[in-house]
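Please look over the structure first.

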2 protein chains.
Amino acid sequence: MASKVTPISGFQEWLPAQRIAEQHFLDTIREVFELHGFASINTRAVEPVDRLSNQGEDADKEIYGVSRLAGDDSSEASLGLHFDLTVPFARYTLEHSGKLTFPFRRYQIQQAWRGERPQRGRYREFTQADIDIVDANELPSHYEAELLLVIADVFSRLPVGDYRIHVNNRKICQGFYQGIGIEDVIGTLRIVDKLDKVGDDGVTKLLLAAGCTRPQVDQCLALAQICTADSTFVDQVQALGVHNDTLEEGLAHLKSIIDTANEHAPGVAVADLRIARGLDYYTGTVYETMLEREPSYGSICSGGRYDALASDGKRTYPGVGISIGVSRLLGLLIGEEGLSASRETPSVVLVAVNHEDSRPESMRVAAALRARGIPTLVSPKAAKFGKQIQFADRRGIPYVWFPGSEADSPAAIHAPSTGTGDELDATGTGDQVKDIRSGDQVSADRDTWTPPTADLHPTIAFPE
Amino acid sequence: MASKVTPISGFQEWLPAQRIAEQHFLDTIREVFELHGFASINTRAVEPVDRLSNQGEDADKEIYGVSRLAGDDSSEASLGLHFDLTVPFARYTLEHSGKLTFPFRRYQIQQAWRGERPQRGRYREFTQADIDIVDANELPSHYEAELLLVIADVFSRLPVGDYRIHVNNRKICQGFYQGIGIEDVIGTLRIVDKLDKVGDDGVTKLLLAAGCTRPQVDQCLALAQICTADSTFVDQVQALGVHNDTLEEGLAHLKSIIDTANEHAPGVAVADLRIARGLDYYTGTVYETMLEREPSYGSICSGGRYDALASDGKRTYPGVGISIGVSRLLGLLIGEEGLSASRETPSVVLVAVNHEDSRPESMRVAAALRARGIPTLVSPKAAKFGKQIQFADRRGIPYVWFPGSEADSPAAIHAPSTGTGDELDATGTGDQVKDIRSGDQVSADRDTWTPPTADLHPTIAFPE
């Protein structure tokens, strides 16, 4: 095999202990999604390029095309790797609509690929964890509060630190802009969305250049500055003196979400009227989630309400969805902040091998422990006990099991022939287990002994 | 969005209930791999094409190339999707060898892609579950028996039906062929490997054409016919009267594996001297796994021992690995035999909504149940109770929870305004839960009630 190995920029891989931390996140996300009644789907990695490429003006640049290197693909559709999980979900919904039960609540935890320039928090291959609720033709608005609570439940179980879900409603901006006489709502939204990048002055210039009057600009900026953790944003907006039915609808709707969030998950949500989301297909609530310690890192969980995820001519499927950027989040937590697991293997016990002839006996011990759910490894070699203990220590395995001699086993030996010095503890006739952190060694029964719960599986933590 | 949807041949997707069955398999495989001390890694989907394409004469035809549709990739390496998990694992081992602890036991459950013609049990996108143990420079042979036991442990927990792991050792064939004067061992192996396809007569013709004498052909066929569930294959081989050191070494080795397997997992392994495996890199033990009811379906779990997974010039990494063809296995069990889940959602309880104003109370019930690990859904609408029960029934959700009226809740109502007829059970002042299969309805406390363990999560079964 070729021996030269080179990392590929934008394609992140973890070492085993880091991977355990990643698995902990993925497992927790899945567990909470299922607790909230979302069903899993997994879609193929590829979609026809024409389905991927009509998703927005800039999408083409990001698509990875896929084709057989030595194949004659002329008769086959041109394929590309999906760049998110929404496009494949829309296609899956249409393809299987006759066999799905609506409202359909699905979660999907998969990788996606984008050919964009890799940078901090942005990868070419990344994992997302999406939940969406779609219905046929109509979708109740209470789901827009519910998704936020699912995310709050996820993050309450993970070491992400302080965070806030920033919520807005497109109707507020739309109604407000219309109420002050601005006709190009989408264009204005796109400019206001640049506030983080170009600041008030930059946005002012862009809005003026787009034909807004100075009072309109001032109103737009005043709206975008409103950000409250409770429903007082309603009064602040009304104090701006703009009257519009769509605006009122959006305000009532956002108030209901913030109130619901504050009852069920206090301190998580803020009404933040500058949140726009770049994508055109959102029509109501939009979410972005910022880590308090790293606001500039960008949103780690975003989504919103859309009126038409897909349409098959007969039915239109409105929905609401939110997506945890797992790779982005872990790029920070694991990649930068050092989150990792307490050991690099699932094993909590290493069963020592007294002598190669007694390996079957060590395997019997391991089988007895595994049968009770205890991840166990048998020592690779009947080396000196000190070496076997060192083998466990290097991997962070906390317990070493010394099989005793068995009267009825022809392979039984009454003293380990290779043990020396302080390793000679294991010369009794029954099984013994040593906690190699403390050095404590006790007699143990392979059919009943269990490690403390805290040791059973690796735990994850930041470096001290 | 485009409304035309077309399945893509060779890219399999499951409906939600089928996906739950798939998840059960993936979870069980992972759990057992971890019980046996394997650590997870996940590698990127792409490798440089030159690394993929030097893996055998026919590999090129199968590779999917990946490139940015609108990018200028001239400065970037040519990439392809991995077609198995062994090539990326070899690259990962070399890339991170300084940070891994050897012997390194890894499992990897991921998708792979091959552009070959889709057919029964063969997909263009498929999931594999691999375990490998690699070491630097040397690898003890006892791992070759161990991997077989891990697979036996996996399949003992899954509804796969009767199966056998067929084991051979390349050294037996090599030594035997050399012992009867055949020099082209690999060429002969390749011909004998065609026994299933072309039969004894076909193999005879091919061997004669390759220059074997009639007595050599007869000996090769006699060897290939030996298949025993215990170590009597040794006597049968020796009765053929061939003497060769490599042959003896292979026999002793295979005997040890079969004896170990029969002690720890009786009835699982057979010594089958016709098993060759197509791949050149196996140097010792090889495995193939057949379902007894569908031997023609092909191997669902294969692998073997290799002397050089990878080499970095200083160190060579020998290993032994085995791979469960999850997609192939489930293509049969789910796709053909109808294995599926008892419901299409993880939810075991639907909390009814008495009135839209009392949705917060229903959400409180759901939160209380979820906090104790009970997957719960809140009804989408405050429809008539009969409709809400029907909503649960359609999804296979066994329990419907009726929140009672709460004196301290302004939203409390004392009789559901929309209930009629037999749905009027829920008019008490406390919470009630109905098993909609039996119709039994009882008072229940949201902080203590739990469903029977058998109902908590969906179960999987074949149709009756």
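This is a predicted model: local features need pLDDT of at least 70, side-chain atom pairs count only at pLDDT 80 or more; totals for chains, interfaces and linings use all residues.

## Helices α5 and α10 of chain A

Helix α5 (residues 170-179) of chain A packs against helix α10 (residues 245-264) of chain A with the axes 7 Å apart, at an angle of about 155 degrees. Angles over 145 degrees count as roughly antiparallel, so α5(A) and α10(A) are roughly antiparallel. The crossing of α5(A) with α10(A) is left-handed.

On the α5(A) side, the contact uses A:Lys171, A:Ile172, A:Gln174, A:Gly175, A:Phe176 and A:Gln178. On the α10(A) side, A:Thr246, A:Leu247, A:Glu249, A:Gly250, A:Leu251 and A:Leu254 take part. By class, the residues of this contact are 5 nonpolar, 5 polar and 2 charged.

## Helices α7 and α8 of chain A

Helix α7 (residues 195-209) and helix α8 (residues 214-224), both of chain A, cross at roughly 155 degrees, and their axes come within 8 Å. The pair α7(A) and α8(A) is therefore roughly antiparallel. Here the crossing is right-handed.

From α7(A), the residues are A:Leu195, A:Asp200, A:Val203, A:Thr204, A:Leu207 and A:Leu208. They meet A:Arg214, A:Val217, A:Cys220, A:Leu221 and A:Ala224 of α8(A). The contact of α7(A) with α8(A) counts 8 nonpolar, 1 polar and 2 charged residues.

## The interface of chains A and B

How much area do chain A and chain B bury between them? The value is about 8400 Å², with 57% of it on carbon and sulfur atoms. Chain A gives 97 residues to the contact, and chain B gives 97 residues.

The rule finds 6 salt bridges across this interface. B:Glu263 and A:Arg364 also join their side chains in a salt bridge, at 2.6 Å from N to O.

How values were computed: Residues are numbered from 1 along each chain as its sequence is written. Chains are lettered from A and ligands numbered from 1 in the order in which they are written. Side-chain values use heavy atoms; hydrogens and water are left out. Axes are lines fitted to C-alpha atoms, for helices over the stretch in contact, and angles run from 0 to 180 degrees between N-to-C directions. Helices (H or I, at least four residues) and strands (E, at least two) are DSSP runs, numbered from the N terminus. Angles under 35 degrees count as roughly parallel, over 145 as roughly antiparallel, 65 to 115 as roughly perpendicular and the rest as oblique. A crossing is left-handed if the near helix is turned anticlockwise from the far one by less than a right angle, and right-handed if clockwise. Contact means heavy atoms within 4.5 Å. Ala, Val, Leu, Ile, Met, Phe, Trp, Tyr, Cys and Pro count as nonpolar, Asp, Glu, Lys and Arg as charged, and the others, Gly among them, as polar. Buried area is the accessible area (1.4 Å probe) that two parts lose on being put together, summed over both. A salt bridge is a side-chain nitrogen of Lys or Arg within 4 Å of a carboxyl oxygen of Asp or Glu.
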